[in-house]
Amino acid sequence: MAVPARTCGASRPGPAPTALPWPGRGPQPGPGACRRPSRPPRPLLLLLPPLLMLPLLAAPGASAYSFPQQHTMQHWARRLEQEIDGVMRIFGGVQQLREIYKDNRNLFEVQENEPQKLVEKVAGDIESLLDRKVQALKRLADAAENFQKAHRWQDNIKEEDILYYDAKADAELDDPESEDVERGSKVSTLRLDFVEDSNFKNKVNYSYTAVQIPTDIYKGSTVILNELNWTEALENVFIENRRQDPTLLWQVFGSATGVTRYYPATPWRAPKKIDLYDVRRRPWYIQGASSPKDMVIIVDVSGSVSGLTLKLMKTSVCEMLDTLSDDDYVNVASFNEKAQPVSCFTHLVQANVRNKKVFKEAVQGMVAKGTTGYKAGFEYAFDQLQNSNITRANCNKMIMMFTDGGEDRVQDVFEKYNWPNRTVRVFTFSVGQHNYDVTPLQWMACANKGYYFEIPSIGAIRINTQEYLDVLGRPMVLAGKEAKQVQWTNVYEDALGLGLVVTGTLPVFNLTQDGPGEKKNQLILGVMGIDVALNDIKRLTPNYTLGANGYVFAIDLNGYVLLHPNLKPQTTNFREPVTLDFLDAELEDENKEEIRRSMIDGNKGHKQIRTLVKSLDERYVDEVVRNYTWVPIRSTNYSLGLVLPPYSTFYLQANLSDQILQVKYFEFLLPSSFESEGHVFIAPREYCKDLNASDNNTEFLKNFIELMEKVTPDSKQCNNFLLHNLILDTGITQQLVERVWRDQDLNTYSLLAVFAATDGGITRVFPNKAAEDWTENPEPFNASFYRRSLDNRGYVFKPPHQDALLRPLELENDTVGILVSTAVELSLGGRSLRPAVVGVKLDLEAWAEKFKVLASNRTHQDQPQKCGPSSHCEMDCEVNNEDLLCVLIDDGGFLVLSNQNHQWDQVGRFFSEVDANLMLALYNNSFYTRKESYDYQAACAPQPPGNLGAAPRGVFVPTIADFLNLAWWTSAAAWSLFQQLLYGLIYHSWFHADPTEAEGSPEARESSCVMKQTQYYFGSVNASYNAIIDCGNCSRLFHAQRLTNTNLLFVVAEKPLCSQCEAGRLLQKETHSDGPEQCELVQRPRYRRGPHICFDYNATEDTSDCGRGASFPPSLGVLVSLQLLLLLGLPPRPQPQVHAHASRRV
């Protein structure tokens, strides 16, 4: 396009721009003057050819500079391309390194990665690993059922009769406010010695099991003591399992009574004050104890539900939601005369973490008003469960109703929707202290195969919102062996410190009968579990033969990743599973959706796709080609995939049989050789079993050298593949120094360093002193420049990383550098591979000066072009830098070089932070494309609490009006409050817990959150392009052109005249987000499949045990007595309480 003339200086509105002083450089000439660079430029590699005088756009006779024409700027671009290419050809040594590899062809073999064979082998190895755990699980479950069946119930059992190791005993003895100290517990607790075990990341004792009992369960109750008595026999089975399989980790029995017995013994990792751990609320227990659920929760919000009762209901619903897993579906509605959903969800949705969060927030907004209408609530719930046009669990169906009481039994509703088959179970919860007749609530539950519960106070919430699992377990118990199937869980954080694990679960059934000919017992005794650490599964996958950008991943039936290099939660809450979807672990596209569906369906497959990938530092996005291959892992719900770039089809395997050569190459790893051969960083890999790891690479190298003086590369305790490749690459990179780098003067061409990095784990930086400023990861596979160079042809520029909130770069002693790297591609016998990356580190300040000269109208190297009184010149990036902005921006939109001295300390920043107006224009003209995604694994600082100094969370605080109201003091609300206060006095630590120490507290530490990420990458425009940023007198001309064989965009623009036209700024930095709108996402749910088995019905089920309860009126005398006790600060001695069904006794 034709570019209109614009003169500099006088023709521009407003005062002429003044020169910006640059410390140490002296004053700079203004526009129209002939200027030399403030310091003599370093020699240019290429001879700058004279430029033809271009037709001027200024009016005849005017003494002015005009905006350069398009072909002028194209000429500058070619000079930049030639200069970069020339430097890289001479100093990068790509061609020379190819020749070195060919000269050493006898020292290595080219091996092939065969995707189908690889993925099948790994899947088979994982299957074998998990199968060994399955056999151990079955032995445990069978033994547990037999031990319990042979056990004789003891009514008069006492605490001193039981000897066991209480995992929390040490912590409780150290805490004078603990429950057992206050009670004067008589339990005989073992005192054990422990040894450190790296496999468990813990101190353990292999001779005993440990027992953990929830804080809100009385250890001295008859039920608990009998449970401890019969489960003691499991200890020998645990020990025998470990003898048969020494790789076993935690073996755990989670009892339906709340007792956890695990092996080997280790002290409980509880917080100092509040321990809310209850095995029955763990993801693995919930999954093993029942089949998937479709649940509708309905909450009575009529006017009679007020104050404390409504608060109890809200808390109860949240606790109920925590009993659901990702295999379950749920909706929550409130009702009075009418029923309506509490959230934006109009149908059942998956009970994943984000959907449950929406429910929990919505429940807090419920308000009590109107009259009770059970019919409206139940009709809404049944309609939800009958909706077959949505994805759901299609197994157990249930309605959970929370109310303060009522007279209506709504029998007509049950007759219409649920009878005679009773496919929907109804659970009713009477909340708060009241005088209502609870018979109708009991009848509803009993008539619909459910259970009736009472929640009189906050202390009853946790136990009574999870007991329904016992009822759901009945069909499983009655199904017998058919239901004895091992299930594998989602990934979650181990409570005892193993890190990320999956757990194999197997239900344990009660096999006793009440007498000869009596019906079979329906109770589930608990769930047996065995942990498998994700790191143990990762060890079965190829380590380094897949190259830097190849990897193995695995997903479950929900599409959640079990293995993936991007599964890196920054913070974990052991109460929630780690649920990262495959489409969130990678950048989603249609091809990946198809692959994910096929894997969930258990199919095999292979597909080559073109897709987008984020760089390791998450600043860039590259369009790449990847080959996906996948197979199911038999006997599990998992599927395994392999991702391989085409250039990683082959890899090198060193064959250093010559020991003399081994010694020769090894000497180049010694620090004594660094001064002449350059500094060597070695990747911190597991070369040998006895090699001590260290985050300091100098120390790691020292440890490596010391070990190599004791063992040989062929030692059985070492990984021969890794060691041979490391030593080979040490020798090959040394030959590059010898042939290329040592004889070159880097300073002549403004280079701070040259370097080479290899698949074998070597990074050699020359000269040695440059290593002091080397900040790249010593593991090439974890270095962003290395991985991006493999995926991009040509020269990849990487400016230093700068955050907008941090201080600008400090330009001292020319130490700030810009990496330029490129992959070395080998072709050996028709097989292509990329075993190394080479590059240079440019001196930022010197190359900024050189950049000005290359983008100028100089006719030769030392003399800028002069304009006479009547001559006309085009502006250039050297003479006219007060008027003309010239920059190089990389493919992520980050500033690499500028002709503006004051912008040199902004190199590495997103260009919108430097010139928002120009960056927006480049984006709007399709030079850049934006990719937005969400990081669901981020960690955020805790939000400051909004009620500092308030009462303990979850406790109702009466108002002044309440205290002045005599009716309130004689009400059920006051009675319930006193119950809570007594509960707090008994469990004193609960009410005086430091919130920073309370497990599960959102204030405890950094919490998981969602961050929105935005990356930019080159769009579809490849040609040279002129445009105008139109804004009246503030308009700006600009030219942009991609530099061939690089990841750079060359931009020339007029400097902004004014700020009136500043448009919206493009953002690149990560920002806190609520994530995509959940209400919209549930309308198009991702494909998933539930477990293959479902046990929700058995014709022989006895539903007569459906809950009983009695409410009692408060006594004024008791209230007065309690008040006196509270005033005196003398907590009454508690009576033993059993938080378990009486039917637990067998």
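Tutor: Here are a few questions and answers on this predicted model.

Student: How are the rings of Phe414 and Trp443 arranged: stacked, edge-to-face or tilted?
Tutor: It's one of 45 aromatic pairs in the structure. The ring centres of Phe414 and Trp443 lie 6.2 Å apart. Stacked needs planes under 30 degrees apart and edge-to-face needs over 60. The planes here are at 50°, so the pair is tilted.

Student: Is Trp443 buried or partly exposed?
Tutor: Buried means under 20% relative accessible area. Phe414, at 0%, counts as buried. Trp443 has 21% relative accessibility, so Trp443 counts as partly exposed.

Student: What about Phe427 and Tyr468, which kind of aromatic pair do they form?
Tutor: Phe427 lies in strand β15 and Tyr468 in helix α15, so the pair ties together parts 41 residues apart in sequence. Their centres are 5.9 Å apart, with 70° between the planes. Over 60 degrees is the cut-off that matters, so the pair is edge-to-face.

Student: Which side chain makes a polar contact with the side chain of Arg474?
Tutor: Arg474 is found in helix α16, and at 6% relative accessibility Arg474 counts as buried. Arg474 touches several residues, including Tyr451, Gln522 and Asp1102. The polar contact, at 3.4 Å, is with the side chain of Glu1101.

Technical notes:
Residues are numbered from 1 along each chain as its sequence is written. This is a predicted model: local features need pLDDT of at least 70, side-chain atom pairs count only at pLDDT 80 or more; totals for chains, interfaces and linings use all residues. Side-chain values use heavy atoms; hydrogens and water are left out. Helices (H or I, at least four residues) and strands (E, at least two) are DSSP runs, numbered from the N terminus. Buried means under 20% relative accessible area, exposed over 50%, partly exposed in between (1.4 Å probe, protein chains only). A polar contact is a pair of N or O atoms within 3.5 Å; within protein, one must be able to donate a hydrogen and the other to accept it, and residues adjacent in sequence count only if both atoms are side-chain atoms. Contact means heavy atoms within 4.5 Å. Rings of Phe, Tyr and Trp (its six-membered ring) pair if their centres lie within 6.5 Å; planes under 30 degrees apart count as stacked, over 60 as edge-to-face and the rest as tilted. Lists of a residue's contacts leave out its neighbours within four places in sequence.
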